[in-house]
Amino acid sequence: LPSNRAVVENLLHHGDRLEIARPVCHWLFFQNETDLAECVHKTQALGFEVVQIDQLDDEHMKFSLQISRIDHVDQYSIDRCTLELLELCKLYNAEYDGWETEVVID
């Protein structure tokens with residue numbers, strides 16, 4: 001995925017060793033509390049932890065969800081992870097807004 005490639009290239013630029021697993025945070029946005037709650041349950045079953053849930057002052061997307069899981073961030077691994085989350089977003093009428101992690105040098 002192009003957006004993943006940009007983050008992976010930025011990590012490499014900063015000397016990251018991509019093969020080291022580390023916490024990776026993802027953001028999802030929801031239209032309603034029911035979809036949010038169902039998606040939280042599903043992501044927890046996939047090993048994600050809820051970092052934060054916020055109610056937003058937005059007509060379209062009313063809730064944000066930040067989740068985290070220990071993952072690898074090489075291109076294949078992060079693409080697989082984000083594709084899984086994109087599929088969940090389709091099921092729960094959500095929007096996926098990307099991921100971030102810390103640079104790991106050793």
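Is valine 51 buried, exposed or partly exposed? Valine 51 is partly exposed, at a relative accessible area of 43%. On this scale, buried is under 20% relative accessible area, exposed is over 50%, and partly exposed is in between, with a 1.4 Å probe and protein chains only.

Before going on, the ground rules. This is a predicted model, in which local features need pLDDT of at least 70 and side-chain atom pairs count only at pLDDT 80 or more, while totals for chains, interfaces and linings use all residues. Residues are numbered from 1 along each chain as its sequence is written, and side-chain values use heavy atoms, with hydrogens and water left out.

Now the overall layout. The protein has 3 helices and 4 strands. Along the sequence the pattern reads α-β-α-β-β-α-β. Helices (H or I, at least four residues) and strands (E, at least two) are DSSP runs, numbered from the N terminus.

Next, dimensions. The C-alpha trace spans about 40 × 25 × 20 Å along its principal axes.

What share of the 106 residues counts as buried? The figure is 42%. As for the surface, the protein exposes about 6,400 Å², and carbon and sulfur atoms supply 50% of that area. The areas come from the Shrake-Rupley method with a 1.4 Å probe; for residues, only the protein chains shown count as cover.

Charge next. There are 8 positive and 21 negative side chains. The centres of the two sets lie 8 Å apart. Lys and Arg count as positive, Asp and Glu as negative; His and the chain ends are not counted. Each charge is placed at NZ of Lys, CZ of Arg, CG of Asp or CD of Glu.

How does the chain connect to itself? Take contacts between residues at least 6 apart in sequence: 72% of them join residues at least 24 apart. Contact here means heavy atoms within 4.5 Å.

The largest nonpolar core has 23 residues. Such a core is a set of buried Ala, Val, Leu, Ile, Met, Phe, Trp, Tyr and Cys residues joined through side-chain atoms within 4.5 Å. Leu28, Phe30, Leu65, Val73, Leu85 and Trp99 have the most contacts inside this core. Two or more residues come from each of α1 (2-13), β1 (22-30), α2 (33-45), β3 (63-71), α3 (75-91) and β4 (95-101). Which element gives the most to this core? That is α3, with 5 residues.

Look at phenylalanine 30. Leaving aside neighbours within four places in sequence, phenylalanine 30 contacts Asp35, Leu36, Cys39, Met61, Lys62, Phe63, Leu65, Tyr92 and Ala94.

Helix α3 also holds glutamine 75. Glutamine 75 is buried, at 17% relative accessible area. Not counting residues up to four places away, glutamine 75 touches Leu1, Asn4, Arg5 and Val8.

Outside four places in sequence, valine 51 contacts Gln66, Ile67 and Ser68. Isoleucine 20 is 31 residues from valine 51 in sequence and 21 Å away in space, C-alpha to C-alpha. Aspartate 97 is in β4. Aspartate 97 is exposed, at 52%. Beyond four places in sequence, aspartate 97 is in contact with Trp27 and Phe29.

Finally, the loops. Glutamate 59 lies between β2 (49-55) and β3. Glutamate 59 is exposed, at 77% relative accessibility. Its C-alpha is 8.4 Å from that of glutamine 31, 28 residues apart along the chain. Asparagine 32 is in the loop between β1 and α2. At 29%, asparagine 32 counts as partly exposed. Asparagine 32 and asparagine 4 are also 28 residues apart in sequence, but 27 Å apart in space, C-alpha to C-alpha.

One backbone angle to check. Most residues other than glycine have a negative phi. Asparagine 93 has a positive phi of about 50°, although it is not a glycine. Asparagine 93 lies in the loop between α3 and β4, and is partly exposed at 41% relative accessibility.
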